[in-house]
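Subject: Handover of a structure

Dear colleague,

Please find below the structure that I am handing over to you. My notes on what was found in it follow directly after.

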Amino acid sequence: MTTLTAAPYARDHLSTLDRRDTVADLPARQHGATAPASPDYLRLESLAKRFGETQVFSQIDALIAKGEFVTLLGPSGCGKSTLLRAIAGLNSIDEGRIVVDGEEITALPPQQRGVGMVFQHYALFPNMRVTDNVAFGLAMQKVPQEERRRRVDEVLRLVELREHADKFPHQLSGGQCQRVALARALVVEPRILLMDEPLSALDARIRRHLRQQLRDIQKTLGLTTLFVTHDQEEALLMSDRIFLMHDGRILQQGDAEALYTRPRSHQAAGFMGHYNVLSGEQAHALLGEVSRAARVALRPEAIYLQPVSDTTPGGELPTHAGPGCRGVIRRRQLLGNVVRYAVECSGIELSVDALNRGSRHLLAEESEVLVFVDLDEVQDIEE
Ligand SMILES: Nc1ncnc2c1ncn2[C@@H]1O[C@H](COP(=O)(O)OP(=O)(O)OP(=O)(O)O)[C@@H](O)[C@H]1O
């Protein structure tokens, strides 16, 4: 039985949360928590969209499994929101088909698609109490009052807002408003949940808590979810699978590990982490014969620095370290647990991350170092 735990933020604000309430008490209904996974529950087939002269996205093909949490990640303007809105039916598309659970929904109006949507700005009705905001969709569907009350109560319990049921939106925090918006989307038991940057307007602490809470709820309900963000950390933390978008295309898809450690293109490497992207020539100067591709990506944490004065055989070096090359530390930034160095080496400026082991271990700016690269982590990429 899965129990939603109340993280510190929730405990601070929801003093009377009944810890015996568990979401497993909820009927699975059509969320289908117990249904066998269907690998193509949501099918996006050759979707394309233009706004006037602007091709917003094209050749979008994807299969999303039932219960999967997929994140659309990419820079501003790459078409994430427009794609999400197209699935919700809030934007038309010019080409392609959208299929949910075997039913084509491409031409259906939003209310007939069985999708729930949560936006960055929660757009609650300011003059309605929490319960009425959440019940709104059910009232539209003419669900009988008693059932409406029961379902609203159930979903408010799920998002830990039961004790705020009679409040108005202006009496709630931003995080609580967003949970009302989530409850409003969930109460109609959507087949697909679509979320467009739902956490972006919240402060960092609430955001961290809500990420976890959202993911817990999504897993518990087995709810197929598409989540839009431009925040790489959020995508890596939350997703079963990430679709990395660039210029209206899905550049690469995979789980967090694959996306982070094996970017296949220059753009993917440029968006994930703080990769050093080197030309073939630069890679050859740094790595010698090891380098094979026209372009190479190197993670900052796969490069190791050793002071030239340190003559101990590099105990911390990876087994497949390349030959050390001399470099000079040009800049040093303390990022908390990590120290980021800019090191000039073979005429290239490399970004190198090292664990912050305390001031005794910090390397001084303008000091000379030996630079070693973990050859197992050298990633050949496309042009
Ligand atoms: N209604 C519209 N009319 C014309 N162009 C639009 C419209 N909506 C979006 N666009 C354009 O489509 C492109 C993609 O926008 P979209 O909002 O989907 O990107 P995004 O990746 O979600 O960006 P962000 O992260 O900034 O929200 C942009 O160039 C945008 O200017």
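Two residues are taken to be in contact if their C-beta atoms, placed from the backbone, lie within 7 Å. With that in mind, please note that this is a predicted model.

I begin with a pair of helices to which this definition applies. Thr131, Val134, Ala135, Leu138 and Ala139 in helix 3 meet a set of residues in helix 4, namely Arg148, Arg151, Val152, Val155 and Leu156. Sorted by class, this contact of helix 3 with helix 4 comprises 7 nonpolar, 1 polar and 2 charged residues. Helix 3 spans residues 130-140 and helix 4 spans residues 145-158; their axes come within 10 Å and cross at roughly 130°. Helix 3 is therefore oblique to helix 4, and the crossing in which helix 3 passes helix 4 is right-handed.

Helix 3 also meets helix 5. On the side of helix 3, the residues concerned are Val130, Asn133, Val134, Phe136 and Gly137, and their partners in helix 5 are Val180, Ala183 and Arg184. The classes in the contact of helix 3 with helix 5 are 5 nonpolar, 2 polar and 1 charged. The axes of helix 3 and helix 5 (residues 174-186) come within 7 Å, with a crossing angle of roughly 30°. Since angles under 35 degrees count as roughly parallel, helix 3 and helix 5 are therefore roughly parallel to each other. Helix 3 passes helix 5, too, in a right-handed crossing.

I turn next to the ligand. The residues that surround the ligand are Phe51, Thr54, Val56, Gly74, Ser76, Gly77, Cys78, Gly79, Lys80, Ser81, Thr82 and His230. Two or more residues of this shell come from each of strand 2 (54-64) and helix 2 (80-88). Helix 2 contributes the most, with 3 residues. In terms of class, the shell around the ligand holds 3 nonpolar, 8 polar and 1 charged residues.

Finally, a word on the annotation. An unreviewed UniProt entry assigns "domain: ABC transporter" to residues 42-272. In the model, the end C-alpha atoms of residues 42-272 lie 26 Å apart, and the span is 36% helix and 26% strand.

With kind regards

Note on methods: Residues numbered from 1 in each chain as written. Predicted model: local features only at pLDDT ≥ 70, side-chain atom pairs only at ≥ 80, totals over all residues. UniProt positions renumbered as here; feature names shortened; annotations may be inferred. Helix = DSSP H or I, 4+ residues; strand = E, 2+ residues; numbered from the N terminus. Near = placed C-beta within 6 Å. Nonpolar A, V, L, I, M, F, W, Y, C, P; charged D, E, K, R; others polar. Axes fitted to C-alpha atoms, helices over the stretch in contact; angles between N-to-C directions. Parallel < 35°, antiparallel > 145°, perpendicular 65-115°, else oblique. Left-handed = near helix turned anticlockwise from the far one by under 90°.
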